[in-house]
Amino acid sequence: EVQLVESGGGLVQAGGSLRLSCAASGFTFDDYVIGWFRQAPGKEREGVLCISSKYGRTLSADSVKGRFTASSDNAKKTVNLQMKSLKAEDTAVYYCAAGRPRFNSCLSPTLYDYWGQGTQVTVSS
């Protein structure tokens, strides 16, 4: 059974930091790109950051560039999203997903096969 489980969400003040984790199981982790996406109420789901640990590549959206970074641990089949300098507009449900997109298209949510349940991140002003 394929599973992706996010954790680490919560409430944080603007300017603060959170670390989200995505634990994967049930598939060959090394063969997949892991993407982070977010969705705020009334808005479309948008790509945040994607990472290919196999090839050492990361791509991030302009809105989070310089603030969010990702790391992967292939042995633990886990990807972390380190979120710093958080802003109110970062408030959303954050999802991790696994797929095999062309890497330069990996911020597109339509290109992923497996999704986690999401974790809420709320940034207060």
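A disulfide is a pair of cysteine sulfur atoms within 2.5 Å. The model used here is predicted.

**Exercise 1.** Decide what links Cys50 and Cys106, and find which parts of the chain the pair ties together.

Solution.
- Step 1. The sulfur atoms of Cys50 and Cys106 are 1.7 Å apart. The cut-off is within 2.5 Å, so the pair counts as a disulfide.
- Step 2. Cys50 sits in strand S5 (residues 46–52), while Cys106 sits in the loop between S9 and strand S10 (112–115), so parts 56 residues apart in sequence are tied together.
- Step 3. The S-S bond shows 50°, and the link of Cys50 and Cys106 is right-handed.

**Exercise 2.** Are Cys50 and Cys106 buried or exposed?

Solution.
- Step 1. Buried means under 20% relative accessible area.
- Step 2. Cys50 has 0%, so Cys50 is buried.
- Step 3. Cys106 has 1% relative accessibility, so Cys106 is buried.

**Exercise 3.** Characterise the link between Cys22 and Cys96.

Solution.
- Step 1. The two sulfur atoms lie 2.1 Å apart, and Cys22 and Cys96 form a disulfide.
- Step 2. The torsion about their S-S bond is about 70°, so this disulfide is right-handed.
- Step 3. Cys22 belongs to strand S3 (residues 18–25) and Cys96 to strand S9 (residues 92–99), so the pair joins parts 74 residues apart in sequence.
- Step 4. Both Cys22 and Cys96 are buried.

**Exercise 4.** How many disulfides does a search of the whole structure find, and which pattern do they follow?

Solution.
- Step 1. The search finds two disulfides.
- Step 2. Count the bonded cysteines along the chain: the pattern is 1-3, 2-4.

Definitions and conventions
Residues are numbered from 1 along each chain as its sequence is written. This is a predicted model: local features need pLDDT of at least 70, side-chain atom pairs count only at pLDDT 80 or more; totals for chains, interfaces and linings use all residues. Side-chain values use heavy atoms; hydrogens and water are left out. Helices (H or I, at least four residues) and strands (E, at least two) are DSSP runs, numbered from the N terminus. Buried means under 20% relative accessible area, exposed over 50%, partly exposed in between (1.4 Å probe, protein chains only).
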